[in-house]
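Reader: I would like to read strand pairing and salt bridges in a model. Where do we begin?

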Amino acid sequence: MPIIIGMPTGLKQSSSVVSIGFSVDEATINTFTQASVDLNLSPLDREVFVVLAVNLDPYTPDAIAGTDTKVESSLTTTSQTEVANLSNANCLAASGNFIKAGGFTDGGVAFQSMGSETPPATLEYIGIIATNDFFVQVKGTNNGRTRGMDGKLYGYRAVASADIYAALVQSEVLSA
């Protein structure tokens, strides 16, 4: 029997579901790059963003004979110094594309790794963003040109009670 998680107590939905598109490209080849995406939340109104789903689409890595290449990406609620994985409490989604050359001189095998782009149907939300923005990260490895990532975040605005809002903001900021 699946466990169904409902709307947290203290939140009231204040908008319909919206999708927010984003993109980030490496500043230079094979270099960690992060972008901030503003949600335009109103802290005076104790507004938060309830995340329903995230889709990350990292670019395909370069196919270089005899060389493993990859492009990794993530979306987090706080600023990071490297691409995050799902073990990071602030990471809502992670994805990567890999080409394993393994000694091949004329090609390799492509792999894709993702952290559940869309949550199971039993979840009503996958995270809450309490501060005004979220962050997207990308990093390529052994590529011959800059790589990037496109994505979309789905969710809705909600108003939190004063105590819930304070707890959410404090939790997000202190876990950074």
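Author: We begin with pairing. This is a predicted model. Strand 5 and strand 6 (residues 91-100) run antiparallel, joined by eight bridges.

Reader: Which residue is the bridge partner of Glu72 in strand 6?

Author: Gly96 is the bridge partner of Glu72 there.

Reader: How many bridges join strand 5 to strand 9?

Author: Seven bridges join strand 5 to strand 9 (residues 133-141). This pair also runs antiparallel. Within it, Ser74 stands opposite Gln137 of strand 9.

Reader: Is strand 5 mostly covered or mostly open?

Author: Mostly covered. Strand 5 spans residues 69-76, and six of its eight residues are buried.

Reader: Let us turn to salt bridges. How many are there?

Author: The general idea is a distance test: a side-chain nitrogen of Lys or Arg must lie within 4 Å of a carboxyl oxygen of Asp or Glu. By that rule there are four salt bridges.

Reader: How do I read the pair Lys70 and Glu72?

Author: The closest N and O atoms of Lys70 and Glu72 are 3.7 Å apart, and the two residues form a salt bridge. Lys70 has a relative accessible area of 26% and is partly exposed. Glu72 is partly exposed too, with a relative accessible area of 26%.

Reader: Which residues do salt bridges with shared partners join into one network?

Author: Asp62, Arg145 and Arg147. Take the pairs in turn.

Reader: What is the N to O distance between Asp62 and Arg145?

Author: It is 2.9 Å, and their side chains meet in a salt bridge. Asp62 sits in the loop between strand 4 (47-58) and strand 5, while Arg145 sits in the loop between strand 9 and strand 10 (148-160). The two are 83 residues apart, so the pair links distant parts of the chain.

Reader: Are Arg147 and Asp62 buried or exposed?

Author: Both are buried.

Terms used:
Residues are numbered from 1 along each chain as its sequence is written. This is a predicted model: local features need pLDDT of at least 70, side-chain atom pairs count only at pLDDT 80 or more; totals for chains, interfaces and linings use all residues. Side-chain values use heavy atoms; hydrogens and water are left out. Buried means under 20% relative accessible area, exposed over 50%, partly exposed in between (1.4 Å probe, protein chains only). Helices (H or I, at least four residues) and strands (E, at least two) are DSSP runs, numbered from the N terminus. Two strands pair if DSSP finds at least two bridges between them.
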